Amino acid sequence: MSETVLKMYKKRPKDWIVKWGSFLVIVLLIAVSVPYVDYNGLTDYGQEIAKSIIFGIVKPDLSLLFDFSTTEAVPYLLLETACIAFLGTLVGSVLALPFAFLSSRNIVPKWVATIGTFFITVVRTFPAFVYGLMFIRVTGPGPFTGALTLAVSGIGMTAKLYVETIEDLDKGIIEALDASGCNAIQKIRYGIIPQLMSNFASITIYRFEINVKNASILGLVGAGGIGYPLISAIGAFRWSDAGTLLFGLIVLVLIIEYGSGRLRRKLATGI
Amino acid sequence: MKWLKNLIRPEPLVLGNGKIVQPKMSIMVILVPIFTVATLFSAYIIEFDIFILLRRGYQFFVIVGRMIPPDWSYFPEVIGPLVETIMMSIFGTLLGAFLSLPLAFLSSDNIIKNKVFLWTNRMVVSLFRTLPILIFAFILKYIFGIGTFAGTLAIALFTWLIMTKMLYEIIETVDMGPFEAIESSGASRLRAFIVSIIPQILGQYISIALYNFEMNVRSAAILGYVGAGGIGLLLNEKLGWRRYDQVGLILFALLVTVYVIESISRLIRTRLS
C-alpha cells in the first residue's frame, strides 16, 4: 500500500470509546429486557396455523375473494372498512380544525396555544384502539362506532400536523392584500385558504391511509370492518379463509398507499 | 343558469394591457360532487345514525369524567405490566432493527443489481408491512400461545419490515463514491457496504430505530388485548368491569411513560442530526 494511504490510516479517528460504549448499552438493554420474554414453545396447532395462513395469503380462495353477493365475503368487508376510514377521516379532520387554530401561536395568545397543544398531545398519545374500547360502550357494536372512534382519535395527529402548517403561514401575503384594500373575508379567501389548502389536503389524505389500517383492527372490538371476520375465522380454525381475508386487506392497503402517495406528491409539487 | 355556466367556464378577464385571460375551471366543481356522493354512500354503508349519537354521545364524556380523579391506590399493580410493556418494546425494537439492516441491504437498488431478486425481496416486505401490529400479535398468539413472546415477536416483525423499507430508501440516496472506490480496490460488495455505506447511514439508522421504539411503546400498550402481554390486558379487564377510575390511572401512567420516552428519544435524535 502506498505511503500516504498508510499515513492517513494511522490518523483514522480513535472512536473506540463510543463504539464499545454503544455496544455495552445495547448488550445491557438486551440483558434487561430478555427476562420479560417468556418462550413456551409452539402451541399444538402452531405450525399448521402458520402454514395455512401464509398459504392463504399466497394462494387466496377466489370464491371468497370475488363474492359480491353477501356481506360476509371480502369485497363488502373491504368496502365497509374503507367507508369507516373515509367518514372517520372526514369528520375527524373537520373536528381537528378548531383545535388546530386554537393551538397555533401566530393566531391565538401564547397561553391558549399551550393549553391547546397540551390537549392535542394527550389525545394523540393513545392508539385508536383504546378509543374503540371506550366507544363500544357508548354507541354499541357496529361500523358506526368505528367511524366515530376514528373521528375522535384522529383529532390528535391531524391537529398537530395542521398546527405546523398554520404556524408556517406567510404574513407578507396577507399584508399585501391588506395594502391593496381587501376586506377580512377576501383576505381569508385569497390570502389564507390557498396557503393552507394543499398542505391540509395532504395531511388529511395521509390520515386516511392510517385510518384504513386502524379501521381494520377496530373490528377486534366489534366496531365493524374486516377485523371481526378475521379473528373469528382464526378462532374457528378456518385459517386459509383468514389468509384470504388478510390478502384482501393487504391489497386494499397497498392500493390506498399507492394512491395516497401519488396524490400527495402531486399536491406537494403543485397541481 | 348563468352562475352554472360561470362555474364551468368563468368569464374571461381583460388585463390592463388589453390581454384576455381565460381562468381555469375550479377543481372544486369536480371534487364537491364526488365528496358529497362518497360521504352519503359511506354513511349508508356504515349505518350512520345521528339519533344514537344525540341520545348516547354524552356517555363518552360520562366515561371520561369518571376517570377523573384516577384511583391512585391502584398504581403499584400497574407498574409490573407497564415495565413488561416497555421491555417488550425494547427487545422487539432491537431485534427488528438488527434484522432490518441485512434485508435493507438486499432490497436497495443501488447495491443489488439482480432486478428479479430485488423486486421479490421488496414485494415480500411490502406485502407483510401493510398488516397492523395487532393482527400480527393476534395470529402469533395462536401460534406461540398467550404471553409476552407473541407480543415481542409481533413488535419485532413489524419493526423489521417497516425499518427495512425506511432503510432502503435511505441507502438509495447515499453517496456511492466511497462504495465504488472500495469495491474497485478488490473488496466484495458486502465488505464495501459495511465499510462505506454503514458509516453514512448510521445516524439515520439509530434515529429511525428510536422513532420506531416510540411508536412501538404506544402500540405495545394495546397488544395485551389479544393476550400478547403487557398493560393492554389490564386495560381491557378494567374497562369490562367499568372501573373507570382505574382505567384513568392506567391511561395516565401510559401518558407519562410515552411522554418521557418521547422526550428522551427526541433529545437523542436532535443530537444525532
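A residue is counted as buried if 20 or more other C-beta atoms lie within 10 Å of its own, as exposed if 12 or fewer do, and as partly exposed in between, with C-beta atoms placed from the backbone. By this criterion, 38% of the 271 residues in chain A are buried. The model is predicted: local features need pLDDT of at least 70 and side-chain atom pairs count only at pLDDT 80 or more, whereas totals for chains, interfaces and linings use all residues. Residues are numbered from 1 along each chain as its sequence is written, and chains are lettered from A, and ligands numbered from 1, in the order in which they are written.

Chain A contains 12 helices and 0 strands (DSSP runs numbered from the N terminus, helices being H or I of at least four residues and strands E of at least two). Its radius of gyration is 26 Å, well over the 18 Å given by the globule rule for 271 residues, so chain A is more spread out than a compact globule (C-alpha atoms; rule, 2.2 Å times the number of residues to the power 0.38). Along the principal axes, the C-alpha atoms fill a box of roughly 75 × 75 × 35 Å.

Helix H6 of chain A comprises 16 residues (110-125) and spans 23 Å between its first and last C-alpha, close to the expected 22 Å (1.5 Å times one less than the number of residues). Its buried residues are A:Gly116, A:Ile120 and A:Val123. Viewed down the axis of H6(A), these fall within an arc of 65 degrees, so they line one face of the helix (arc of the directions from the helix axis to the C-beta atoms). On the other side of H6(A), A:Lys110, A:Trp111 and A:Phe118 are exposed.
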